[in-house]
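Dear colleague,

I am handing over the structure we spoke about, so that you can look through it yourself before reading my notes.

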Amino acid sequence: MNASTLIVSQALIRNQDGVSLHPDLFLWHKQLSACKQQWYECVDRNPLAWYATVAGVSSTALVAAACNKIPASTSQCWIASPYHAQLTRDAVRVYPEGLFPWTAEDAAYLCEVLNPLLIEEDMQLFAVGAALLLTCRDSMEAWPLGFGKLSGKMLPNQHHEGEDGGRLNRLLSEIQMLMFQHPSVDRHEKGEVDLNGIWLWAPLDWPIDKHATHFPVATRNPVLQSLVDGRDADLIISEAERLSELVKADSPLPKKIILAGEGHAVVLSKPLLPNIRKTNWQPKSVKMESDLVSAVQGFIT
């Protein structure tokens, strides 16, 4: 693989000292530690959201553009992200997306289970490969967190922002109950973690005028794989947990590397002179996120 740029989501994780590298990146620790660092503020994104950011469009627009079944009465679309929940003593933790097995068959099954409930709400769930798109006849004024902020984290124990935040919360609770009543036999037989809920995010008024310009990307994220081509890709987008499926431990990494997580991103580049100091993964001289987006888009175009 001859990609020149690598983006890794959830590559930085929080610890008692601040942030550190995700353990699944230790295979490349020597290469990463030898690089020059530039730190930026950065909203936590999953691979789909990273691709959409580079493309300059909404994540929902990417999925909607690939769906040819959107009803004419649709006024709003949402991304639906499935998840496995892990119960702790006083909270619910979302299983990391990078460890969550998901297929187009899983997406189709979920549509069969949920659409009888959703149609009563003038909504409908569509599978676009492994991606899931929710269409609504009537818009909801709610602004939940992006799924990248929840993957591997605790579910928020509060209403979502917006006038319809309570309605959205009740809908998600009803969906959880229905999914509990209809577990996937296929997932159970394969020994995969249960499907416990979906998270709706990135609401988009429909129809739209602006459409994304697609470019190849190498990834093992099942949702992003359903939407983009990986042939001759100059860009890799991966969760930390799936990077070893794309890059061998003894292989050189791309020239430009973006490691993101915990509200920050660090752009790594190979220095002119060897780095003889111990590498510190704490943010420093942090620049604005808009500068990061411009820089990453410049790497690709």
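What follows is an account of what was found, taken region by region.

Please keep in mind throughout that this is a predicted model.

Aromatic pairs

A search of the whole structure finds two aromatic pairs. In one of them, the ring centres of Tyr 51 and Phe 215 are 4.4 Å apart and the ring planes meet at 25°, so this pair is stacked. Because Tyr 51 belongs to helix H2 (residues 47-55) and Phe 215 to the loop between strand S10 (197-205) and helix H7 (222-225), the pair ties together parts that are 164 residues apart in sequence. Tyr 51 counts as buried, at 0% relative accessibility, and Phe 215 counts as buried as well, at 18%. The pair formed by Phe 100 and Trp 102 is also stacked, with 5.8 Å from centre to centre and 20° between the planes, and both Phe 100 and Trp 102 are buried.

Helix H2 deserves a look of its own: nine of its nine residues are buried, so the helix is largely enclosed by the rest of the structure. Those buried residues include Pro 47, Leu 48, Trp 50, Tyr 51 and Val 54. The charged end of Arg 45 sits over the ring of Trp 50, at 4.9 Å from the ring centre. After H2 comes Gly 56, which has a positive phi, near 80°.

In soluble globular proteins, nonpolar side chains tend to be buried together. Here the largest nonpolar core has 77 residues, and those with the most contacts inside it are Leu 48, Tyr 51, Leu 110, Leu 114, Leu 125, Ile 198 and Leu 200. Once residues up to four places away in sequence are set aside, Leu 48 touches Ser 59, Leu 62, Val 63, Ile 79, Trp 201, Val 223, Leu 224 and Leu 227. Another core, of 25 residues, lies apart from the largest one, and Ala 3, Leu 6, Leu 25 and Ala 233 are among its members.

Strands

Five of the five residues of strand S11 (residues 235-239) are buried, so S11 is largely enclosed by the rest of the structure. In a regular strand the side chains alternate between the two faces of the sheet. In S11, Leu 235, Ile 237 and Glu 239 point one way, while Ile 236 and Ser 238 point the other way, and all are buried. S11 pairs with strand S1 (residues 5-9) in the parallel sense over five bridges, and Leu 235 of S11 is the bridge partner of Thr 5.

An antiparallel arrangement is found for strand S2 (residues 12-15) and strand S3 (residues 18-21), which are joined by four bridges. S2 and S3 form a hairpin with two residues between them, and Asn 15 has Gly 18 in S3 as its bridge partner.

Leaving aside neighbours within four places in sequence, the residues in contact with Gln 37 are Val 266, Val 267, Leu 268, Thr 279, Asn 280, Trp 281 and Lys 284.

Two loop positions

Pro 207 is placed in the loop between S10 and H7, and at 64% relative accessibility Pro 207 counts as exposed. The C-alpha atoms of Pro 207 and Ile 70 are separated by 9.8 Å, although these two residues are 137 residues apart along the chain.

Met 140, in the loop between strand S9 (131-136) and helix H5 (165-181), is buried, with a relative accessible area of 1%. Not counting residues up to four places away in sequence, Met 140 touches Gln 76, Trp 78, Met 123, Asp 164, Arg 167 and Leu 168. For Met 140 and Arg 167, which are 27 residues apart along the chain, the separation between C-alpha atoms is 8.4 Å.

With best regards

Notes
Residues numbered from 1 in each chain as written. Predicted model: local features only at pLDDT ≥ 70, side-chain atom pairs only at ≥ 80, totals over all residues. Heavy atoms only, no water. Phe/Tyr/Trp six-rings, centres within 6.5 Å; stacked < 30°, edge-to-face > 60°. Buried < 20%, exposed > 50% of the residue type's maximum accessible area, 1.4 Å probe, protein only. Lys NZ or Arg CZ within 6 Å of the ring centre and 35° of its normal. Core = buried A, V, L, I, M, F, W, Y, C linked by side-chain atoms within 4.5 Å. Contact = heavy atoms within 4.5 Å. Pairing = 2+ DSSP bridges.
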